[in-house]
Every structure is written in C-alpha cells, then in structure tokens.
Amino acid sequence: MGGEGSGIMSWKKTAIRLAAGALAALLLALAVFLTIFPRVSAAPHMMVDLSEARIKRGAYLFNNVMGCRGCHTPVIEPAAYSFPTDPARTGAGRLMGGPEDGLPAPIHSPNITPFELSGWSDGEIYRAITAGVNRQGQSLFPLMPYQAYATLDRRDIEDVIAYLRTLPSQNGHQPENSLPFPLSLLVRTAPHDAASQPRPPETDKLAYGAYLSRAAGCFDCHTQANNRNQPVGTPFAGGRAFPAHGYVIYSPNLTPDRKTGLGIWTRARFIGRFRALTPDATRQMAVPAGSPNTPMPWSELSGMTDTDLDAIFTYLKSLPPVRNDQPMVQLEPGRDMPKAAIPSDSAKN
Ligand code: HEC
Ligand code: HEC
C-alpha cells in the first residue's frame with residue numbers, strides 16, 4: 001500500500017517537474033523573444049539641416065504627400081468629406097478609431113509637435129518614422145506606415161524632420177496605446193531598420209511615379225491586405241477593405257483596366273479629381289453621421305503638384321490592367337443606403 005502511495009507521489013513529482021520545466025522553457029522563450037524583438041539598431045547620429053528649402057519640402061511631404069497631417073491632426077467637427085483637419089492644431093494627434101473601424105483597440109496618433117518631440121534627437125525621430133520604434137525603443141503599431149517610409153530617400157525623411165521642428169507646439173499628450181494580447185507581443189516583430197533608396201529624378205517619370213505612389217500610400221491603400229496588414233494580391237488592383245461603423249469601403253482599382261480601373265481616365269480627369277477636393281472644398285461637404293465617408297485623404301493629396309500627380313498617373317497607366325469587380329461600398333445587413341456616399345465625377349467626363 002505504502003508502495004502504491006509513493007508511486008503516486010513520485011508520479012505527481014514527475015508531473016510537477018515536467019510542468020515546471022515546460023513553464024521554464026516558455027519563460028525562457030519569452031525572454032529570448034523580448035530581447036530579440038523589436039529588432040532595430042540604435043538611432044543613427046544625424047544633424048538635420050534646417051535650411052528654408054528643406055523645411056519647405058518637408059512641409060509639402062508632411063501636408064500633401066505622406067499623410068502625416070491627416071493622421072496626426074484633429075479633424076474638424078462635424079466630420080466633412082475625407083476628414084479635413086484643423087489647421088490650427090497641426091500635429092496635435094487624435095483618436096484614430098477603435099474596433100468599429102477595424103482596429104484592435106482604440107488607437108491614438110501621438111502629438112508630434114515640439115511639445116512632445118523637442119527632447120528627441122533627429123536620429124530618434126528618423127528611426128521612429130522609418131523603423132517603427134519610439135524613443136524608448138518600444139514598437140509602434142504599424143498603422144503608422146513606417147514599413148512604407150522605410151524604403152524612402154533619407155533626404156525626404158530629413159526634410160520632414162526639419163519641418164516637424166518648426167511646427168507650433170501643441171500642448172497635451174495623447175493617451176498611450178495599449179494593444180490586446182497576443183498582438184501586444186506580435187507587434188514587436190513589425191519594426192525593421194530602414195532600407196532607404198534614392199528618390200529617382202523627376203525626369204524618370206515611371207520610377208519617380210512608383211516612388212511617390214509608395215510615399216503617398218497609394219500602394220498601401222489600393223492593394224488588398226491580409227489581416228496582418230501585409231499587401232497581398234495584385235499591386236494597385238484595389239479591394240482593400242476599410243471597415244467603419246456599419247459599412248465597409250473597398251479601395252478602387254487603379255490599374256488601367258477599362259471597365260473597373262483607370263483605363264478610360266484621362267490625365268486631366270485624374271488631376272482634376274484631386275484638384276476639386278481641396279480642404280476649402282471638402283470642409284463644405286458635410287457627411288451625415290453614420291454615412292460612409294471616404295478614407296482616401298483627398299483634402300491633403302489635393303495639394304500635390306502637377307508634376308507629381310502626372311508622374312503617378314503615368315506610372316499607374318503603365319501597369320498591367322487587372323479586372324476587379326468589387327463594389328466600392330458595402331453596407332452591413334439591415335442598413336439603409338447612405339445619404340451622402342462617394343461623390344462621382346463621372347458625370348463631368
Ligand atoms: C495612417 C496614419 C498615420 C500616418 C500616415 C502617419 N502616422 Fe505617425 N503615427 C500614427 C500612429 C497611430 C502612431 C502611434 C503608434 C503607437 O503608439 O503604437 C504614430 C506614431 C508616430 C511617431 C512616434 C511618436 C511617439 O511619441 O511615440 C512619430 C514621430 C510619427 N508617428 C511621425 C509621423 C510622421 C512624420 C508621419 C509622416 C511622414 C507620420 N507619422 C504618418 C499614425 C500615422
Ligand atoms: C488611406 C487610404 C488611401 C490612400 C492613402 C489613397 N487612397 Fe485612393 N482611394 C481610397 C479609397 C477607399 C477610395 C474610394 C473612395 C473614394 O473614391 O474616395 C479611393 C479612391 C481613389 C480614386 C477614385 C477612383 C474612382 O474610381 O473613383 C483615385 C483615382 C485614387 N483613389 C487614387 C489614389 C492615389 C493616386 C493615391 C496616392 C497619391 C491614393 N489614391 C491614396 C483609399 C486611399
């Protein structure tokens with residue numbers, strides 16, 4: 001009997017040892033994971049040149065190309081078409097959305113005016129924009145498009161930093177973002193060191209247009225993505241889902257397919273569509289609460305130069321045409337057709 005009892009005892013001991021071993025292995029794996037990721041180098045030593053020319057180009061990239069203004073500035077209320085932002089509060093940050101908008105948790109864009117960044121070195125800001133970690137080395141949620149910015153010309157990022165240094169300070173911190181488990185761990189695998197590539201000359205329209213279409217998020221938004229936010233499927237063929245409260249907007253096809261893409265679009269129509277949607281115009285275009293509003297940052301992109309829009313158009317027209325019959329707006333069952341949806345310019349053409 002005693003033998004049986006001690007048998008149970010030793011079996012229990014073995015089980016406890018095994019469990020302790022498994023737990024130790026798990027903790028060790030976690031410790032190794034936490035030391036390896038995020039896998040980024042120290043912030044580079046750099047001194048950004050604050051010349052007028054570089055600040056001016058930085059302003060253009062920040063406000064009209066790279067989307068910084070749209071994400072890091074409070075939008076005017078009530079929201080108007082394409083969420084025009086409040087010019088008096090540039091860079092103050094805001095609540096970007098939550099689970100109703102397809103985000104894993106409420107996500108805030110931080111204040112990126114000198115109020116917040118004056119203590120950061122130029123290299124730390126460069127690393128945040130291109131590699132995706134903050135000053136303390138913590139991973140940024142990749143809604144901040146650092147994976148796209150990683151491939152841009154270092155001079156362009158430096159120009160943006162020069163402009164950031166000149167922004168009027170906006171008081172107030174945005175709340176820190178906290179991601180649910182296991183995303184809180186997985187997000188550590190997203191940051192990577194920048195792989196900067198030179199900006200092609202404007203005269204090489206195709207290469208320059210391709211470069212801009214990445215800098216301006218056209219590629220990211222107009223290509224389907226998987227649930228880890230990675231592009232899948234044909235580049236620029238559209239179909240990326242943007243869920244919002246009760247509806248989903250799918251980005252349209254930008255390949256030159258004649259039926260479902262830009263096939264019959266002329267250069268004038270393409271540039272004209274942007275020009276029609278300046279912040280002055282969009283601020284007047286009220287969108288009733290609950291109706292679909294476009295995620296496409298028309299208000300900012302409307303300020304791109306003719307040269308740049310022309311290069312993007314030329315590049316898009318050079319892509320192989322792909323058909324994509326995905327409708328642009330889909331409502332959740334039981335919802336009425338929206339009152340103000342997506343204005344169309346087709347009548348004008
Ligand atoms: C699509 C929206 C979006 C765009 C576009 C965007 N950001 Fe961000 N950015 C964010 C969000 C959200 C965070 C916070 C991520 C987190 O906390 O995990 C962030 C974080 C940052 C940070 C880190 C700040 C801190 O205190 O940790 C900097 C710096 C920054 N962005 C600068 C920029 C600049 C400069 C641009 C344009 C070149 C830009 N961002 C474009 C959404 C965006
Ligand atoms: C944040 C995501 C996002 C970004 C960045 C973005 N788009 Fe869009 N775009 C959309 C969505 C969604 C639509 C559909 C709603 C609409 O027409 O506004 C759209 C619509 C369009 C249309 C109208 C197509 C049609 O059939 O009416 C064109 C043209 C276009 N985008 C081109 C571009 C180009 C060029 C860029 C880069 C300079 C770009 N987009 C950047 C999401 C985006």
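**Exercise 1.** How do H2 and H7 stand to each other: roughly parallel or roughly perpendicular?

*Solution.* Start with the source of the coordinates. This is a predicted model, in which local features need pLDDT of at least 70, side-chain atom pairs count only at pLDDT 80 or more, and totals for chains, interfaces and linings use all residues. Residues are numbered from 1 along each chain as its sequence is written, and chains are lettered from A and ligands numbered from 1 in the order in which they are written.

Step 1. Helices (H or I, at least four residues) and strands (E, at least two) are DSSP runs, numbered from the N terminus. Axes are lines fitted to C-alpha atoms, for helices over the stretch in contact, and angles run from 0 to 180 degrees between N-to-C directions.

Step 2. Read the geometry. The axes of H2 and helix H7 (residues 154-166) come within 7 Å, and the crossing angle is roughly 95 degrees.

Step 3. Classify the angle. Angles under 35 degrees count as roughly parallel, over 145 as roughly antiparallel, 65 to 115 as roughly perpendicular and the rest as oblique. H2 and H7 are therefore roughly perpendicular to each other.

Step 4. List the contacts (C-beta atoms, placed from the backbone, within 7 Å). Residues of H2 including Arg54, Arg57 and Phe62 meet residues of H7, among them Asp156, Glu158 and Tyr163. By class, this contact has seven nonpolar, two polar and five charged residues. Here Ala, Val, Leu, Ile, Met, Phe, Trp, Tyr, Cys and Pro count as nonpolar, Asp, Glu, Lys and Arg as charged, and the others, Gly among them, as polar.

**Exercise 2.** Describe the sheet formed by E3, E4 and E5.

*Solution.* Step 1. The sheet is open, its order is E3-E4-E5, and its pairing is antiparallel. Two strands pair if DSSP finds at least two bridges between them.

Step 1. Strand E3 (241-244) and strand E5 (329-331) are the edge strands; each has a single partner strand, so one side of each is left without a neighbour in the sheet. On average, neighbouring strands are turned by 20 degrees against each other, direction ignored.

Step 2. Between E3 and E4 there are four bridges, and Pro243 stands opposite Val248 in E4. These two strands form a hairpin with two residues between them, and Gly246 in the turn has a positive phi of about 85 degrees.

Step 3. Strand E4 (residues 247-250) pairs with E5 over three bridges. Ile249 stands opposite Val329 in E5.

**Exercise 3.** Which residues come nearest to ligand 1, and which to ligand 2?

*Solution.* Step 1. A residue counts as near if its C-beta atom, placed from the backbone, lies within 6 Å of the molecule.

Step 1. Ligand 1 has 24 residues around it, and Gly67, Cys68, Cys71, Phe141 and Met144 come nearest. Helix H3 (68-72), strand E2 (107-109) and helix H5 (122-131) each give two or more residues to this shell. Its classes are 18 nonpolar, five polar and one charged.

Step 2. Ligand 2 has 20 residues around it, of which Gly217, Cys218, Cys221, Thr294 and Met296 come nearest. That shell has 14 nonpolar, five polar and one charged residues.

Conventions:
Two residues are in contact if their C-beta atoms, placed from the backbone, lie within 7 Å.
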